[in-house]
Amino acid sequence: LETAAALTAARRDAAARFERAVTEELGRLAMGSARVLVAVTPVEPGPHGADEVEIQLAHPGAAPRSVAKSASGGELSRLMLALEVVTGAGALDGRAVPTFVFDEVDAGVGGVAALHVGARLAALAAHAQVVVVTHLAQVAAYADRHLVVRKDDDGAVTSSAVTEVEGAQRLGELARMMGGGASAEGLEHARV
């Protein structure tokens, strides 16, 4: 029981730091009014302590709820990115994780929110290798390296290829992703 009480105290301390750090990240991801809370609820003591720990999301005017019940698809993607930035970049304990792979972490977001997602991915990339699968130019524009996956089908066989694009090719790909294609306007928009 003494060990469980010490573990509960440590969990509550870590929860408070975690809540502040993740909520701050959400502000950078266009979710400034949302707050992350960590509920440390007493349960019957067992081999893992005497608590149940749950990450919750709170919106203004609404009670905190389980992330699974309260986050939309886009919010869940951004919450996961915030969690990775906080825990992976060593914001809490100084340890870094070497590689992250995000498969469409930007699902359900666009516009300015997508720019924020791209910026936070770039911030995470300052401490780790980050591989991102995206269809959004706002996110892809932050990449150090831009790889394009192309699928071809000759009617009998489907094949895929991955190529790196740089310089004018990359600009053209960003323009294509934005829907502007290779037009002068599309290329200028991608350049900006």
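The following exercises, with worked solutions, concern a predicted model of a protein chain.

**Exercise 1.** Determine how many helices and strands the protein chain has, and in which pattern they follow one another.

*Solution.* The secondary structure consists of 7 helices and 7 strands. Along the sequence, these elements are arranged as α-β-β-β-α-α-β-α-β-α-β-β-α-α.

**Exercise 2.** Decide whether the protein chain is compact or spread out, using the radius of gyration.

*Solution.* Begin with the globule rule, which gives 16 Å for 192 residues. The radius of gyration of the protein chain is 21 Å, well over that value, so the chain is more spread out than a compact globule. Next, consider the dimensions: along the principal axes, the C-alpha atoms fill a box of roughly 65 × 40 × 35 Å. Finally, turn to burial: 35% of the 192 residues count as buried, where buried means under 20% relative accessible area.

**Exercise 3.** Identify the residues that touch the most other members of the largest nonpolar core, and the elements that supply this core.

*Solution.* The largest nonpolar core has 31 residues, of which Val 22, Leu 26, Leu 57, Leu 81 and Val 117 touch the most other members. Two or more residues each come from helix 1 (2-28), strand 1 (35-46), helix 3 (73-88), strand 4 (99-103) and helix 4 (111-125). Helix 3 gives the largest share, 6 residues. Apart from this core lies another, of 7 residues, including Leu 174 and Ala 190.

**Exercise 4.** State which residues Leu 57 contacts, leaving aside neighbours within four places in sequence.

*Solution.* The contacts of Leu 57 include Leu 26, Met 31, Val 36, Val 67 and Glu 75.

How values were computed:
Residues numbered from 1 in each chain as written. Predicted model: local features only at pLDDT ≥ 70, side-chain atom pairs only at ≥ 80, totals over all residues. Heavy atoms only, no water. Core = buried A, V, L, I, M, F, W, Y, C linked by side-chain atoms within 4.5 Å. Buried < 20%, exposed > 50% of the residue type's maximum accessible area, 1.4 Å probe, protein only. Helix = DSSP H or I, 4+ residues; strand = E, 2+ residues; numbered from the N terminus. Contact = heavy atoms within 4.5 Å. Rg over C-alpha atoms; globule rule 2.2 N^0.38 Å.
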